[in-house]
Amino acid sequence: MIWKGFCILMSRKKRIRQILWIIVAVVMLVLTGCSDKKEPEDKVLRVGVVTYTSDDPFINALADELKENLKSMETKDMKIMVSIKNGDDDQQDQDEIVEEMIDAGCDVLCVNLVDRTAPSQIIRLAKQNEIPVLFFNREPVWEDLTQWEDLYYVGCDAEQSGIMQGETAAEYICSHPEVDRNQDGKIQYVLLEGEAGHQDAISRTNYSVKTLIEQGIHLEKLSYQFADWNRGQAENRMNRLISQYEDSIELIISNNDEMALGAVAAYQKAGYEQDKWPVIFGIDGLDDALEAVKSGKMQGTVYNDKEDQAMQLAKLAVEVFKGEDTNRKQLKAGRYYVSQYQQVDSSNVDEFFKR
Ligand code: GAL
Ligand code: CA
């Protein structure tokens, strides 16, 4: 009897303990968030930006703009970390930096190749680790860009900048007959070229000259000089040409503004009065060049829309990370974003400051 009573008491206690355990388990489940509604996971997007050099004002301005855009796209659910490095003008160094960035856990790469014909190592690493690559400014060839589905390119149509530069220069020369200083019916010109093999240098040179000729300008070539997009190098090249040709150069066509500004510096330092200078045309529309157009030291440039390119890169980086395709759907051949150039001369230069 006593034993039976004890057994009943114990089994009641056991049931109470079981019920208590169930209550504890339910409370724990609710507290640990095991409900239908999931809290958003904390996401971090790490973007690695690698430029070809630290020494190119256009590229630096573009990279800074890209970083700002990415930071402005942070949300409370997604932090964005951006690291900017450069390849120190050496493709192998750039390959190593890309490898380090991948090892450090980067999610998306934005790469401005040192050598646009040698992206294989970067593509191989990216594919192996499934890290999408947005190439920019230095365009890989189609065969490379189609090696893997997560490779994209953001840049411009170089031909368009050459045509626009040629048109701006032709228009100026037609309405200013004094450009032909020796009045021989021909315009003696010098061409400052960016860098052998660069898509922008090749097309800008060809189409700028071709357009001037098509517009009826008789040209006489004095010299073509490579100056690596660089102001100092262009100034050196121009110093030599100024001692050789003195004031008989009538037109300078430059593949970019930095080199055009090198030519401006060379004429200033050579002590020539401005009416003995040639007319000078560049491309990019960086602030120093816009100032030079405004003050009449340069006659024109072509705006290389870094804000547009940086915005597109930022949007694509976020999109490929999230696996969305709003912008991707609009890319040319599913891979190319082509930003539009704009002509700049003294009549519209004010619109381009502080873009
Ligand atoms: C061009 C630009 C140049 C230079 C070059 C570097 O698009 O006009 O100034 O930055 O890219 O690849
Ligand atoms: Ca002449």
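On a 1 Å grid over the protein atoms alone, a cavity is a set of points where a 1.4 Å probe fits but cannot get out.

## What you are looking at

This is a predicted model: local features need pLDDT of at least 70, and side-chain atom pairs count only at pLDDT 80 or more, while totals for chains, interfaces and linings use all residues. Residues are numbered from 1 along each chain as its sequence is written, chains are lettered from A and ligands numbered from 1 in the order in which they are written, and side-chain values use heavy atoms, with hydrogens and water left out.

## Enclosed space

Let's start inside. How many cavities of 30 Å³ or more are there? The count comes to two. Grid points are joined across faces, edges and corners, and a volume is the space filled by probe spheres set on the points. The largest cavity holds about 110 Å³ of space. Its lining (residues with an atom within 4 Å of a point) has 13 residues, and those closest to the centre are Asp 56, Phe 58, Asn 137, Asp 200 and Trp 229. Helix H2 (57-72) and helix H7 (199-214) each supply at least two residues of this lining; helices here are DSSP runs of H or I with at least four residues, strands are runs of E with at least two, and both are numbered from the N terminus. By class, the lining has four nonpolar, four polar and five charged residues. In this scheme Ala, Val, Leu, Ile, Met, Phe, Trp, Tyr, Cys and Pro count as nonpolar, Asp, Glu, Lys and Arg as charged, and the others, Gly among them, as polar.

The second largest cavity has a volume of about 40 Å³. Among the residues that line it are Asn 137, Tyr 153, Cys 156, Asp 200 and Tyr 341. Strand S5 and helix H7 are the elements that give two or more residues to this lining, and S5 gives the most, with three. The classes here are three nonpolar, five polar and one charged.

## The largest pocket

A pocket, by contrast, is an open set of points with protein on both sides within 12 Å along at least five of seven lines. The largest pocket contains about 220 Å³ of space. Of its 13 lining residues, Gln 274, Asp 275, Trp 277, Pro 278 and Val 279 lie nearest the centre. The lining divides into five nonpolar, three polar and five charged residues.

## Strand S4 and its neighbours

Which strands pair with S4? Two strands pair if DSSP finds at least two bridges between them. Strand S3 (residues 108-111) and S4 pair in the parallel sense over three bridges, with Cys 110 opposite Leu 134. Strand S5 (residues 151-156) also runs parallel to S4, joined to it by four bridges, and there Phe 135 stands opposite Tyr 153.

S4 (residues 133-136) is covered on both faces: Val 133 and Phe 135 are buried on one side, Leu 134 and Phe 136 on the other. Buried means under 20% relative accessible area, exposed over 50%, and partly exposed in between (1.4 Å probe, protein chains only). S3, helix H4 (residues 120-129) and S4 make a right-handed β-α-β unit, meaning that, with the strands pointing away from the viewer, the path from the first strand over the helix to the second runs clockwise.

A search of the whole structure finds zero disulfides (pairs of cysteine sulfur atoms within 2.5 Å). Cys 106 is buried at 8% relative accessibility, and Cys 110 is buried at 0%.

Gln 183 has a positive phi of about 50 degrees. It sits in the loop between helix H6 (158-175) and strand S6 (187-193) and is exposed, with a relative accessible area of 57%. Trp 229 has a phi near 65 degrees. Its place is the loop between strand S7 (219-226) and helix H8 (231-245), and Trp 229 is buried at 8% relative accessibility.

Glu 193, in strand S6, is buried at 11% relative accessibility. The C-alpha atoms of Glu 193 and Ile 253 are separated by 8.6 Å, although the two residues are 60 apart along the chain.
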